[in-house]
Amino acid sequence: MQGSNQIRVVVAKPGLDGHDRGIKIVARALRDAGMEVVYTGLHQTPDQIVAAALAEDADAVGLSVLSGAHMTQFRRVVELLREADADDIIVFGGGIIPAEDQDELAALGVTGIFTPGAPTADIVAWLREAVAQRRSRLG
């Protein structure tokens, strides 16, 4: 665990999806709530996202996919975190994610799903609670 109590979040746009307005709104809301936010930018590979999360000592990784590739992209990020022995890093996501995919993503380890229109205050509150639980597990 890092020396600061400040929550550190890496947010990313995996794959070829070029629509980043939503992730920028979420990033700003997290930052305005006092979190340290690193936005990796568009067209990131899962390898790049995980490398950033490890380099930044992130508490969480937020992913945004509007292209329909959420199952592939989110799964690969979770797998790479596990391979790096960093599966304690919280993975949450947003975008166009059908309800029928949300349970499967949760089973993979994507613990929070926020679809378009989710209030940013709900995302902030959820992430604060998830990080508090993570930190209590890590000691």
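Residue numbers start from 1 along each chain as its sequence is written. Because the model is predicted, local features need pLDDT of at least 70 and side-chain atom pairs count only at pLDDT 80 or more, while totals for chains, interfaces and linings use all residues; side-chain values use heavy atoms, with hydrogens and water left out.

## Two helix pairs

Helices (H or I, at least four residues) and strands (E, at least two) are DSSP runs, numbered from the N terminus. Axes are lines fitted to C-alpha atoms, for helices over the stretch in contact, and angles run from 0 to 180 degrees between N-to-C directions.

Let's begin with helix 1 (residues 21–32) and helix 5 (residues 120–138), whose axes come within 10 Å and cross at roughly 55°. The two helices are therefore oblique to each other; angles under 35 degrees count as roughly parallel, over 145 as roughly antiparallel, 65 to 115 as roughly perpendicular and the rest as oblique. The crossing of helix 1 with helix 5 is right-handed, a label used if the near helix is turned clockwise from the far one by less than a right angle, with anticlockwise giving left-handed. On the helix 1 side, Ile25, Val26, Ala29 and Leu30 take part, and they meet Thr120, Ile123, Val124 and Leu127 of helix 5. Contact here means heavy atoms within 4.5 Å. By class, this contact of helix 1 with helix 5 has 7 nonpolar, 1 polar and no charged residues. In that scheme Ala, Val, Leu, Ile, Met, Phe, Trp, Tyr, Cys and Pro are nonpolar, Asp, Glu, Lys and Arg are charged, and the others, Gly among them, are polar.

Helix 3 and helix 4 have axes 10 Å apart and pack at an angle of about 10°. That makes helix 3 roughly parallel to helix 4. Here His70, Met71, Phe74, Arg75, Val78 and Arg82 of helix 3 meet Asp101, Glu104, Leu105 and Leu108 of helix 4. The residues of this contact divide into 5 nonpolar, 1 polar and 4 charged.

## The buried face of helix 2

In helix 2 (residues 46–55), the buried residues are Pro46, Ile49, Val50, Ala52 and Ala53. Buried means under 20% relative accessible area, exposed over 50%, and partly exposed in between (1.4 Å probe, protein chains only). Seen down the axis of helix 2, these residues fall within an arc of 160°, so they line one face of the helix; the arc is that of the directions from the helix axis to the C-beta atoms. They pack against strand 1 (8–12), strand 3 (60–65) and helix 3 (70–83). Just after helix 2, Asp57 takes a positive phi of about 50°.

| Residue | Phi | Place | Relative accessible area |

Ile96 sits in the loop between strand 4 (90–95) and helix 4 (99–108), and at 46% relative accessibility Ile96 counts as partly exposed. Not counting residues up to four places away in sequence, Ile96 touches Val65, Leu66, His70 and Pro116.

Arg134 belongs to helix 5 and, at 7% relative accessibility, counts as buried. Leaving aside neighbours within four places in sequence, Arg134 is in contact with Ala58, Asp59, Asp88, Ile89 and Ile90.
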